[in-house]
Structures are given as structure tokens and as C-alpha cells.
There are 2 protein chains.
Amino acid sequence: MQKYSSSKENYLKAIFHLQKSDGVVTTNDVANELQTRPASVTDMLKKLKAQKLLIYERYKGFKLSQEGRKVALQIIRKHRLWEYFLVEKLEFGWDEVHEIAEELEHISSKKLIDKLDEFLGFPKTDPHGDPIPDSQGKFTLVKQVDLLHLPVGKSGDVSGIGDQSPEMLELLKHKQISLGTRIEVKKVFAFDNSLEIKVRNQNVVTVSEHVAKNVFVKYDE
Amino acid sequence: MQKYSSSKENYLKAIFHLQKSDGVVTTNDVANELQTRPASVTDMLKKLKAQKLLIYERYKGFKLSQEGRKVALQIIRKHRLWEYFLVEKLEFGWDEVHEIAEELEHISSKKLIDKLDEFLGFPKTDPHGDPIPDSQGKFTLVKQVDLLHLPVGKSGDVSGIGDQSPEMLELLKHKQISLGTRIEVKKVFAFDNSLEIKVRNQNVVTVSEHVAKNVFVKYDE
DNA sequence: AAATAAATTTAGACAAATCTAAAACATAAT
DNA sequence: ATTATGTTTTAGATTTGTCTAAATTTATTT
Ligand SMILES: [Mn+2]
Ligand SMILES: [Mn+2]
Ligand SMILES: [Mn+2]
Ligand SMILES: [Mn+2]
């Protein structure tokens, strides 16, 4: 696998993520995600196509090629391994690692990342519950539901976070919710879909529908 | 301390190192060190001057300003801490870490590097025996002499390496010489200043003058 | 003191990544 | 089917860092 510029890697990663959630990716989506201008995106799309990382016809939308997907997955692997390192070894909070990993993910040495993986004990997920692709780009999605779909009375363990903005992560931290935290849904208010949930089998707190939709849990059955 | 481009950081670091050894730095020196062209160096010198990182008058030579020196020392701090991490935690050989650290040194987070420092136990020197500047850019030079100046019969512990090219490091590795290795000079051949030295109080090997001049040791008295 | 050589700088060009403003295209509304 | 709206692309600039070739300055010989 060749080396690509940090900028190209960021585009590939963004397109990969947008493909996941939306299916179809638009120029505006990418511009928005990368805080840049649509014209700049079009410029880059042409370059990525020229390098066969992207399937793209003007005005007709685009998606990653096999190769583009492969590259994106390796960047994501690096991003998540570094995040794990920052939280587990350097004791960063899970809400402060994303930005730093955004830089570290572009360090090119393959050997470095494989040795880091080993040093960390081959973790399966990053500090936000997202799966870490292996050396070949393979990873397994965990089956999970958001809090709104966890039946009242049932308990689950937090396994992932949708919206990972610093604001969201700060809110969760305040309510003492992190990866692995046990949560039981006590009540759903039909009025606004806000929830009362029991955290760590202890305190009961209220969260909005927006929050509930972005906290994923694993549970039996 | 602002952020500067990787390229500028590389120039500052190179100039700092060249100042150490030569005293006076020339455009050609820098071009040679950074594998670039003299014209490119001149271009960059002007930019560094404009940012007050360099004292520079055309044709009259140049040197780092106080601020330039400060920035250079922080890059060197990062470079050496990462090298230490790679060798001590990820088990890289000391001859394979330089290139990777050359990239890692440009990661900008100050908090990251201070936490890394703590995680590593505040090491004083990198895997090549070079001192690691602290958060304020301070560091202490160890008193050391090269092998040619170690009296015959005396023993010393390897504390630093001058020429750190991969070729040199590979040679030392082969002869089982690394940081901390005890060495005793058995004989100096007047003909070519080659040495016979006893390594680790065990095997006796021969090294050339060139090698001897680039291996530094600490010894009593 | 000239002449020659070497080092340094300038002039002009180029690639990568970005931008603004305008044009082209696609979609939705009337 | 026209018109209006929004999206995407082009045209033309700009910034950063680099290069080659030529000009300038400094250093070294004769
Ligand atoms: Mn990034
Ligand atoms: Mn993450
Ligand atoms: Mn570097
Ligand atoms: Mn070193």
C-alpha cells in the first residue's frame, strides 16, 4: 500500500464514514464533514479518481473503490489504535483523544502500527466502542441497540456512542456513563421520548431522546 | 508556542544541530542535511526570518533566534521521547526508530508529549544516549570522551553515538555495542589508529578510527 | 589585482491543496 | 413546460514548498 497525503487520507476516511450512514454520499456532505468548500471537494474527487481510489462521474455521485476502501480502513485502524493507546496508556479522557488521533493516524509506518497493536494486546474496540479493523482491514460489528429500543426493565452494557462530539462525550462523562457502563431503562415519557435510566445499578438520571438515540448497548436475548 | 509546518520544524531542527557541531552554519550545510537544494534553503531562510525564528542577512550567514532555538528544542524533545517509546515500549531496535520519530516529532499536542514523558518515567536520554530536553527546553550534557581518548587499560560505559547513520548503528549492533555497554581499550595501532577493544568484559573486537571517534563513553576520573 | 572557483541568491516555474465567483446541471415548484 | 432553487463543477487565484537555470556575491588562486 502506497503512501497518500494526509489530506487524501482524510477525504477517504470521511467518504467511508458517510457511505456507512447514508449509503449515498454527496459533495456537500463531504464539504460539511471536512469543514471545507464544495469546490475543494470536487477538486479532490478528481484526484482520487485519477488514482483509482474512487468511482466517480461528474454530477453522478461517487463511492470508494475497493482500493479506496482498503486505504480508508487502514487509516481507521490507526486512528482507533492510537485512541486506545491515549486512553489506556496515557490516561486521557475519552472526550479528548479524537483530535490527537486525527494527526497520529497519518504516521505511515506499518510496522509501527502492528507493534502498537501488539503492545496494546490486540484490542477489539476503541474507547468509544467502535471496532478496530485488523491488519487486513477485517472487523466485526457488534450487535447493539440504542437506548430507546432497550425494553423498559431490561439492563444492557454500553457498547458504543453514535454522536461523538465533545459536547456529547462531556455530557455522558458528567452522568458517569462510559463504555461498559450498565444501564437499565426505568421509564420512557411518551411526551418527548425522554428516558429515566438507572446508571451502574445506582443513580437514576434523565436523558433526552437525542441522547438516547446515540447511546448503544448490548443485552441478552 | 504557535504551530509551525513540518517543513519549518525540520529546518529549525537541522540548523540547531548544525550550529552545535560547526558553530557557523551555511546554506549548503542545510541543503545537504535536509536532502534539498540550496535555492530551497534560501527561500525558507527568508520565511523563517520573517517569522523572527532566524537571524539572517543575505550572504552573511545565519543562526537561530531565541524563539527559533526554543522551537527547535521542543521538536528535539518530541523526537527523542518518541524514540525512547519505540525502543522501550514497542521493542524496536535502536537503528530503526529515527525515521519514524522524524514523523512523530511533528504531532502538535503539548499535553500528549507531557503525558508521554510521564508514562515513560521522565527519561533523561534517548536510545542513542542523546539528552532529552525537558518541558522548558533545559537539558544537561553528560561529560564523555570518544574511544580514541579513553586511555588504554581503562574501562568506560557507552553513553552516546556521534554518527547515527543506519550503517553505523548496524555495525555497532553486530559487535554487540549499545548504550551502557562496558568497553575497555586493549590496544591502539599507531598505523591507522584502529583499536582493539574488549566488549562487555568478554569478546575482543577491532574497530576503525572512524568508528572509535563516534562512540562516546563515560568513565571515572 | 585579476581571474577563477565556489557559495548564495534571484527569477521564474511547478505541484498540491485550498479558495471565491461564476457557470452548468439537476430537482422541485408552479 | 417554465421557472426557481439548490447542488455541483469550472475558471481563475492564492499559499506553501519545492525545483532549475541564471545572476550575483564571496573566497581562493594565480
Ligand atoms: Mn486526520
Ligand atoms: Mn473513536
Ligand atoms: Mn521531521
Ligand atoms: Mn536519537
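Visitor: Which residue has a side-chain N or O atom 3.1 Å from a phosphate oxygen of DNA strand C?
Guide: This is a predicted model, in which local features need pLDDT of at least 70, side-chain atom pairs count only at pLDDT 80 or more, totals for chains, interfaces and linings use all residues, and side-chain values use heavy atoms, with hydrogens and water left out. Residues are numbered from 1 along each chain as its sequence is written, while chains are lettered from A and ligands numbered from 1 in the order in which they are written. A polar contact is a pair of N or O atoms within 3.5 Å (within protein, one must be able to donate a hydrogen and the other to accept it, and residues adjacent in sequence count only if both atoms are side-chain atoms). The side chain that reaches a phosphate oxygen of DNA strand C at 3.1 Å belongs to Thr27(B).

Visitor: Which element gives the largest share of the surface near DNA strand C?
Guide: A residue is near a strand if one of its heavy atoms lies within 4 Å of it, and 22 residues surround DNA strand C. One of the contacts to a base is made by Asp43(A), whose side chain places an N or O atom 3.1 Å from a base nitrogen. Helices (H or I, at least four residues) and strands (E, at least two) are DSSP runs, numbered from the N terminus. With five residues, the largest share comes from α3(A).

Visitor: How far does a polar side-chain atom of Lys46(A) lie from a phosphate oxygen of DNA strand D?
Guide: Lys46(A) is among the residues that come nearest to DNA strand D. The distance from the polar atom of Lys46(A) to the phosphate oxygen is 3.0 Å.

Visitor: What spacing along the chain do the donors of the manganese ion (ligand 4) follow?
Guide: Donors are N, O and S atoms within 2.8 Å of the metal (3.2 Å for Na, K and Ca), and sites may look incomplete because water is not among the atoms. Glu83(B) (OE), Asp126(B) (OD) and His128(B) (ND1) coordinate the ion at 2.1 to 2.3 Å. The spacing of the donors is E-x42-D-x1-H.

Visitor: Which strands of chain B stand at the edges, with a single partner strand each?
Guide: Two strands pair if DSSP finds at least two bridges between them, and the open sheet of six strands in chain B runs β3-β8-β4-β5-β6-β7 with antiparallel pairing. One side of each edge strand is left without a neighbour in the sheet, and these strands are β3 (145-146) and β7 (204-207).
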